[in-house]
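The sequence and the model follow.

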Amino acid sequence: MPRANVIACAIIVNLSTVTYLIAVYVTSYPVVVMVKSCNIVSVVLVGVCCSRVRDKSLKLGPKKIAVAFLVSVGILLYNFAGNSPSKTNDRSSSYLGIFLLIVSLILDGFLPDFQAVLKS
């Protein structure tokens, strides 16, 4: 296994964890959980737009993109239309927290791509 790939994976995991922890500190927890539940979107977006995988069997297909879309729509509908626990009066969230959550999601999206490159 090339040392550069191991170092890149370690950096991605560490940065994702640090941004997530800071986001939990500055953003309300229900918002953090909802955004992290939509992690499949970042994985699919990175897999479609920035994938370095050469093996056709490891690439994302149209079915996986449709599943990611449906799961995310379900999570958002549950959060905003249903009787979810995040429907409280405390909706405090900062722009910094939302930004850090987005960075954490993007970094989480790159990790499966690195793993697929290592497999191929």
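## Contact between α1 and α2

In this predicted model, helix α1 (residues 3-26) and helix α2 have axes that come within 9 Å of each other and cross at roughly 145°. On the α1 side, the contact is formed by Ser-16, Tyr-20, Ala-23 and Val-24; on the α2 side, Tyr-29, Val-32 and Lys-36 take part.

By residue class, the contact of α1 with α2 comprises 5 nonpolar residues, 1 polar residue and 1 charged residue.

## Buried side of α2

Helix α2 spans residues 29-37, and its buried residues are Val-31, Val-32, Met-34 and Val-35. These residues lie on the same side of α2 because they cover an arc of only 165° around the axis. In general, an α-helix has 3.6 residues a turn, so residues three or four places apart point the same way.

Val-32 belongs to both descriptions: it is buried, and it is part of the contact with α1.

Thr-19 is located in helix α1. Its relative accessibility is 10%, and Thr-19 therefore counts as buried, the cut-off being under 20%.

The side chain of Thr-19 has two backbone oxygens within reach of its polar contacts: that of Leu-15 at 2.9 Å, and that of Ser-16, which lies 3.0 Å from a polar atom of the side chain. Ser-16 is also one of the α1 residues in the contact with α2.

Apart from neighbours within four places in sequence, Thr-19 is in contact with Leu-100, Val-103 and Ser-104.

Key:
Residues are numbered from 1 along each chain as its sequence is written. This is a predicted model: local features need pLDDT of at least 70, side-chain atom pairs count only at pLDDT 80 or more; totals for chains, interfaces and linings use all residues. Side-chain values use heavy atoms; hydrogens and water are left out. Buried means under 20% relative accessible area, exposed over 50%, partly exposed in between (1.4 Å probe, protein chains only). Helices (H or I, at least four residues) and strands (E, at least two) are DSSP runs, numbered from the N terminus. The arc is that of the directions from the helix axis to the C-beta atoms. Axes are lines fitted to C-alpha atoms, for helices over the stretch in contact, and angles run from 0 to 180 degrees between N-to-C directions. Contact means heavy atoms within 4.5 Å. Ala, Val, Leu, Ile, Met, Phe, Trp, Tyr, Cys and Pro count as nonpolar, Asp, Glu, Lys and Arg as charged, and the others, Gly among them, as polar. A polar contact is a pair of N or O atoms within 3.5 Å; within protein, one must be able to donate a hydrogen and the other to accept it, and residues adjacent in sequence count only if both atoms are side-chain atoms.
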